[in-house]
Amino acid sequence: MFLLAGLFMLSCAAVADDPLNMTGYYEIRSNVENASVYFNGEFVGNIEKGSLLVQAEMSNRPVNHQLMIHAPGYTTYNETIVQAPKPGKSNVIRGTLTALPPPKTGTLSLAISPPGGEVFVDEVSYGIVEQSGIHVLRDIGAGYRSIEITLPGYKDWFERVYVEPNMNTKIRVTLTPVTTGSLLVSSEPSSANVLINGAIVGVTPVTIPDLPPGPVKVTLTLHGYQDWNGETHVMVGETIPIFGTLTPIVVNTPEPVNVTPEETPTPEPTQSPVFTGTIAGALAIMIICGKKR
């Protein structure tokens, strides 16, 4: 009896020491093969043969894991996991994905004059228009689509078009020839006033559109700098770059002149007329007294 009890305790201790029995798992099952599984926003694997085994941390307290199962063409499954599996056990989580309805599409038929332009739908190129001018786009997603047509020498055509589901939406487009050009004016330093043929049109850097073709005079002015003057030729359908480097205005400051002050002569002392008269009077009195003796 004691022998059996001892063997049981040893077997329990061996099971407790087995690292495999100390690990738990989440068994994620889904009806969509190769669906992507995410735990807390991180990719952990794909569904293979109906399930995916994800190792879990052991905890006696509630956990908080965000499970997401995603597959193209299906709804996304989300669940918050709050219970950790017991050691050596697996918690089974079933996530069922529902197939989305097929997207509705339509046909877009464009009649474009002149031909040769490039067609863009939602900024994606859909080819060059043939000489017939007819450009048919099939299986375009139904709803509002941004259509753009570009052709050198013509203004870009842009419009939001509603594509009817299971219908052929027809659009006729006539491109407008470009009859003007543009200037791209910049300077060093920037923020200079830009004058075209004497008229202020902006501050650098600036693009000046819709200018008639032909020669133009460009002037750049900025306080504290000399005016910059240049000439260029506006070309139809082109943007001509203009760059001007402004020269600072240098103000010449006169150098100070060192002037040595002249010494002021010290005047010699002069005898006062009163003092001179006093001496002369004394001498006269002495002479008179001498004669009387």
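## Close-up views of a predicted model

View 1. F43 is partly exposed, with a relative accessible area of 46%. Here buried means under 20% relative accessible area, exposed means over 50%, and partly exposed is in between (1.4 Å probe, protein chains only). This is a predicted model, in which local features need pLDDT of at least 70 and side-chain atom pairs count only at pLDDT 80 or more, while totals for chains, interfaces and linings use all residues. Residues are numbered from 1 along each chain as its sequence is written, and side-chain values use heavy atoms, with hydrogens and water left out.

A search of the whole structure finds three aromatic pairs. Rings of Phe, Tyr and Trp (its six-membered ring) pair if their centres lie within 6.5 Å; planes under 30 degrees apart count as stacked, over 60 as edge-to-face and the rest as tilted. One of the pairs is Y26 with F39: the ring centres are 5.6 Å apart and the planes stand at 35°, so this pair is tilted. Y26 sits in strand β1 (residues 24-30) and F39 in strand β2 (residues 36-39), 13 residues apart. Strands (E, at least two residues) are DSSP runs, numbered from the N terminus. Both Y26 and F39 are buried. F43 itself pairs edge-to-face with Y38, at 5.6 Å centre to centre and 65° between the planes. Y38 is partly exposed, at 22% relative accessibility.

**View 2. S109 in strand β8.** Look for S109 in strand β8 (residues 105-113). Is S109 buried or exposed? With 12% relative accessibility, S109 counts as buried. Its side chain meets that of N168 in a polar contact of 2.8 Å (a pair of N or O atoms within 3.5 Å; within protein, one must be able to donate a hydrogen and the other to accept it, and residues adjacent in sequence count only if both atoms are side-chain atoms).

**View 3. An open sheet of three strands.** The strand order is β18-β15-β21, with mixed pairing; two strands pair if DSSP finds at least two bridges between them. β18 (206-211) and β21 (239-245) are at the edges with a single partner strand each, so one side of each has no neighbour in the sheet. Strand β15 (residues 181-188) pairs with β18 in the antiparallel sense over four bridges, and G181 stands opposite L211 in β18. P241 lies in strand β21 and is exposed, with a relative accessible area of 60%.

**View 4. The hairpin of β19 and β20.** Strand β19 (residues 214-221) and strand β20 (residues 228-234) pair in the antiparallel sense over seven bridges. Six residues lie between these strands, and G224 in the turn has a positive phi of about 90°.
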